[in-house]
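Here is a short briefing to read alongside the model. Please keep the sequence and the 3D view open as you go.

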Amino acid sequence: MVYFILKRMVQSVFVMLAVAFLAFSLFRFVGDPITQMTGVETSVEDQERLREELGLNDPFVYQFMRFTGDMLKGDFGFSYRTRQPVAEMIASRIPATLELGVVALIISLLVGVPAGVYTALKPRGVLTQTILMTTLVGVSIPTFVIGIMLIFIFGVQLGWLPTFGRGGTVQIGGWESSLFTIDGWRALLLPAITLGVYQLTLTMRLVRAEMMEVMRSDYIRFAMARGVPTASLHYRHALANTMVPVITIIGLQFGGVIAFSIVTESVFQWPGMGLLFLESIRFVDIPVMGVYLVVIAFFFVLVNLVVDLLYVAIDPRLRIRDVS
Amino acid sequence: MLTIKGLSVKFPTRFGDFTAIEDVDMTINPGEIHGLVGESGAGKSTVGAAVIGLLQTPGYVANGALTLGDTDLRTLSPSEAHKVRGDRISMIFQDPQTSLNPLMTIERQLIETIQTHSDASESEARKRAVDLLEEIGIKNAAERIKAYPHQFSGGMRQRVVIALAISTDPELIIADEPTTALDVAVQSQVLDLIQRLAKERQIAFMLITHDIGVIAQVADCVTVMRKGRVMETGVTAQVLGKPQHRYTQQLMDSVPPLDRKIDRFRVPDADDTIANNGDMAEDWLLEGAQHVRTGLSLRNLTVKFAGQRTSIFRKPPPYVALDDVTLNIEPGSIMGLVGESGSGKSTLAKAITGLVTPSDGIMELGGSVLPFGKSRDRDHPSRQLIQMVFQDPYSSLNSRHKIGDILTEPLWFYGFVKDAQEREKLAAAMLSLVGMQPDAISKYPHQFSGGQRQRIAVARALLARPRFLICDEPTSALDVSIQAEILNLLKDLQAKFGLTILFISHNLAVVRQMADNTAVLRNGKIEEVGETNALYTAPQAEYTKSLMDLTPMMPTTWQT
Amino acid sequence: MKTLKLALLGGALSLSAMGASAETFRWASNTDPQTMDPHAVNSAPVLSFLNNVYEGLVRRGQDMSIEPSLATSWAPLEGENGWRFTLREGVTFQDGAAFTSEDVMFSYQRASNEAADVRSWFAPVSDVRVVDDFTIDFVTTAPNPLFPDSIANFMILDKGWAEANDAALPARDAENFATMNVNGTGPFTLASRDPGVRTTLTPNANWWDNVGHNVTEAVFTPIGNSATGLAALLSGEIDFIQPIPLQDIAQVEGRDGFKVLEGEETRVIMFGFGHEHEALLYSSDVKDANPFADPRVRLAAAHALDLASIDRVLFRGKIDTASQLVPAGISGFSEANQDRPAFDPDRAKALLAEAGYADGFSFGLKCPNDRYINDEALCRAAASMFAAVGLNAELSTGPVRDYWPQLRADDFDMYLLGWSPGTFDMEHPIRFLLHSQDNDKKLGSWNFGGYSNARVDELLPQIQQEIDPAARQTLVDEVVAITQEEVAYIPLYTQPLIWAAKDNVDLIQRADNFFMLRWVTVN
Amino acid sequence: MIAFVKKYEGLWLFVHSSAAIIAALVAALIFLGAVFAPWIALVNPYDLSSFSLFDGLLPPMWEDGANPKFILGTDDQGRDMVSSILYGARLSLVIGLSALTIAAVLGVGLGLAAGYYGGRFDAIVMRIADVQLALPAILTALLIDGIARGILPSAIQQDLRVAVLTLAIALSLWVNFARTARASTFVQMNKEYVQAAIMMGQRPIRVMFIHILPNILGPLLVIMTVDLASAILLEATLSFLGIGLPADSPSLGTLIRIGMQFLLSGEWWILWIPTLFLVALVVSINILGDFLRDIFNPRLR
């Protein structure tokens, strides 16, 4: 067990280093930060001096060493655009993105799993077909269109929900949360749904497929033969056994959720990492972009680790070796 | 008591209804074990499923009567039927590995079942559960009950399954191939248990199996089915002892006896195409180095597998699959290799064919040393001289390749025949040599039955002009009658072409029919080797003795 | 648990904050000011925003005219080049410190330092002298009639405050105190700042000028996505947004309770040419020559453009065509040269034939796609209009982040540029766009095409130094005449300025697209 | 009889699944339209002189003020919507399909090898896959896009935009193939026909591609359809983020991106017609995907 986790962590470090390198290789190319940092009237030589100060003229490898070196020292550098410490900027945006992503995930689970079970148990039902079809259409509309539509329906026409931002947030030990105020939740709803649609469909279809498989398995038929109550049969016995694959996929997808939050955040002006990242691209804010990518990689790695631990929690076969 | 009258079950398909079983009658009294025997496709399981009301959709009971005691099972509403299940009828499945929920402790599964059918309190239920486990022979149940299914061995797991089945003491238990997946030792224990339960608890058992030996040993009555219809039914001794129906007789003929060797099975409608128009293939094989008979000798062969690593610091102890095995297979002879699952039979085959790499020992094929696994280069002669017939004819043929391609592959691969038409013709001839229609060439594997596929597999092996043939459980996936055909085929070919054969099987009776010499393998060690008849009549090793005793067999008086 | 209680309480608070009093004014724009430091970045969002907090010696009125601010009056120095500014007395910074010439001196040193991005404003300045607490002289190398206009955005901060918080110099790589905090003399002060999310301003109680607004709190939110911004306005979550897309004007006007403010920026959109190039870079047919070196070809291009259709379809009739590099009304605008080449495809073809390109040629046209209003659409339209007369443009559009570098690298045959004269005088574009490139003298630094005309070069200094308006205008007219004659650029139109607000908000739309809170009244 | 059913099973199911038929029809229509766009389209969006700003913003023919010449109206450049959509579908499909091909070749190749050799090689491949997954689609695209802008001479950049975008999408899709191929290969490795082939001493390449590959095509085919759909969507999203194609090369993505500007301006058709078209395409592809999944996984039937 310990061995297994350690192994996983070593791999994680490898992954993050690789991502850091890729991220860094991006730097050279997205554009010229200087022209973004300076005004129209700034003379060419002033620009050159700035470029020199920022070490943009140093050789690539040297810059990479410095980048990773500083990062390992915990020094994430300063934003070209706002001159703030990148660590602070990202840190202040993490809660927004994480809350959005997690809530989206929860929504997709709360709806997706039951829907999956239902559609699996009544494969030919009319409702099933409608559910399958609508979700399919749902995932076929680009996220950004869905987002804007939701904004105009619920924000403008009906005026029920805010159209942008996080609403009322609350500081809890440095974590700025919108989960404790009502209008925080109101603000969270639309973006979370927009982001959740894809996950929802995925989860539902996955649960459906797995359920249909499991319902054919011997131990389910044996449970039937013993007259185990239907509810327990479907949930305690069948659903539980579908969870391992479902968790895997969802874990793998979480990276996608974070990434797609870029779109959602830009549509809803949601002050998360994704929005920051987009702005940074526009301003060629190299340090911010780099750190963002690494942070994303970190989350991905983290989630994978959690998924592995969840397996162990769910499946006793992974917990203990045979004793008999 | 259970009464079945004129039962037929239909499955609606795209092309009209398909009748799975038709007009089946049978009665089972309390405490009676009623064997239901027949080959695959006979509809045995369908009868059981119909009785307990768990027919695979869209199957349905077309007509007939099903009554348990005084309840008409057919008129029950779904919810009532669900209540009857477990409460009065229960079931035991074939594979203990898959019939328990892997995520729940034995305790939870037992308590849940018990509480479903009685208003026992948690603690009462637990007590009942523990008692049950004790009763079916699980030591210190009180604490083992906390374990998960995967923590029990196969046999123990089947006991747990039985415990679950009887936990609500039902009147009838349908046991569908309850011992097929088990080794003889465990099998006999489970069978004893079933007999005991039938006697003590007066439970009626419907024992569905393809193994006539099992029926002969435990069943009070037997019903023989074929293609969904009942051929013959009655008291076991009656039906199997003096079979009236021709089919039953054929069946009995093709069951290999354990206590003697019969040179050839009397196979029902055996086609004798083998002689004619297989000549071309036969000549081709004989023009190979047929006069050279190639033996194989293994000296102190040891195979180790790396264990599951659990710590960074110490390497896990290796798992020893073959332990210092020494075995000498005479040129042109058939060496039988028997042993329970996990005894290392297949590992031995893999070692010889180079799929696994022994850690120690020497292998010699016809006097020249066989390089181990990876170090055996791809064009080493042994790769052609040694061929293999596998256990599962369904996975041993590439389902996406035409039979023609499968058969001609060795011909061009070993460079025997340059011309493509030639290869085709030879392959076709070989098909008829193994007793199949040559036109099979243009078909795909899924278009053939298991037996036919196994014949094709044999043909493929022969087309490599092997001198040494490994047959790894070649018939254990087949029905007895088919088994008989294949065994006959192998015997003929061996005689014709002077092949040396390593015949691996868990079935002692089969091995006795086939092998000149027999080796008994256990936990990777050779327990005993010897001339087959000697070994069977006077086994030396304790283990061999116990195997003999435990293998279910028919009273000698029944032999026809 | 305790924290949670607090949290819920906070929730209640923030709820009540939602339905706050009418004078809480919320507005949005598409970019967030990068910094609160008035000297660190010379970009419109920053200067525009900080004009509400900091003040300069002079400031611009609603009509862009220069008016006294921290300086009550100013006059040319006797006997030497430069200006004397008389400072306002009794002005205090938001932290209470008194405003004196020392602060101006300090701010000058700060703003003209290498670390400052605005130092180019002080290129002509040779010396600054504190005369007394409320008098200060700016000495220039040459006569400079426009100097007061050129420093309208030169903001004064408090010496003591800056030094105490070691923000004596603008932040370069790392942030400093002045990046996130302010201490100006202006009408508003910074209440809270969350970069990229929300910035809150509150009125400066003891502002020297008489207050014209009724805002008690002003909340600024950057909203990058224009559709979202519009939604925010229409749902009533914000009171005002700048700018909104042209095509949505109808939508806003269509709903009651909202109004659109239309005006004109001082920014002129134009096509530039690679004058000095030996040959075309992107041509598939003309490899060895540069047709655009020939004024007739440039004129042909001008005649090929159907600005009427562009106006009608792309700009919904909101644009005025431009004849020169500044719009009418900017000082130095040449009344004498008001007409631009008409839409005349035949003439264009004729000219091409004359120049020896009867069956046209292909070339590369570069455009940004996130810099000016409808820039991409404009270029696509232009490209198809060029194509109609045989000028086959290979259009390539990209984000401005790698657009400027391409222009700097001379990587174009023809390109799109928008220019707004920082000093609101014709001299500005002449200095940056028309004078030959000269890095030492820092002239022609945005004259990417390398247009060069000896006469123009010699006229620029005269224009810069001429005090007498009439004489100066004739000089300017000559430059405009020459550049129109040679078609140095193809001026297209002045960029429209579209703001939208709730009906109950009164505000002033200034031509430099600066939004001044001090003119806002919420009814 | 049984053999007959088995042989024509797929066909039989198809004929009896109306959804699949409709989906197939829609997909086929769009596909044909895309292929023959140059012959059926009114104007060629790539030929700037074939349309004029003068015809800009005309509504579909059934609205008033329309010009019947333009059945679905024109966009802000005066391009005929029908033509744009046809060419748009053309480009989107080209990108989607070629991205898919690259991803499939790369992914299946690596997956097969990883499953066949296992051990260290397998571990390495899977770590690389992790890195890929840690950089989700959008970020990968950004990366590739940025690098291309940086290293390619801007002269050829415009021409290579499509290639760049394709590569970006491909790179974000290959992991799916690799993982699936690997998993199914592991299963096949234990099948006796594979052991037989190895025993004979056949080359790994032959075992992998002649023996194993045909047996794992089913699941791969399903992924292909699903990923084709997501590739097309991804292209749209990237265009929305401004890292897709230039506006003058119409893909469904760029059309929608441009259309977004007219969400409220009253010219609804510029946004909604391409969007509906995209949805129709993606949905039908997905339905076909489900259908294939059912065929290849009879247990789910």
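A residue is called buried if 20 or more other C-beta atoms lie within 10 Å of its own, exposed if 12 or fewer do, and partly exposed in between, with C-beta atoms placed from the backbone. This is a predicted model, in which local features need pLDDT of at least 70 and side-chain atom pairs count only at pLDDT 80 or more, while totals for chains, interfaces and linings use all residues. Residues are numbered from 1 along each chain as its sequence is written, and chains are lettered from A and ligands numbered from 1 in the order in which they are written.

**A residue in chain D**
- Ile124(D) counts as partly exposed because it has 13 C-beta neighbours inside 10 Å.
- Helix α5 of chain D (residues 119-134) is where Ile124(D) sits; helices are DSSP runs of H or I with at least four residues, strands are runs of E with at least two, and both are numbered from the N terminus.
- A C-alpha separation of 8.7 Å lies between Ile124(D) and Ala114(D), which are 10 residues apart along the chain.

**Chain A as a whole**
- Chain A has 13 helices and two strands.
- Its C-alpha atoms fill a box of roughly 85 × 60 × 35 Å along the principal axes.
- Of the 324 residues in chain A, 52% count as buried.

**Where chain A meets chain C**
- This contact takes 49 residues from chain A and 46 residues from chain C, with two residues in contact if their C-beta atoms, placed from the backbone, lie within 7 Å.
- Elements of chain A that give two or more residues to this side include α2 (33-37), β1 (170-172) and α10 (230-268).
- The most comes from α7(A), with five residues.
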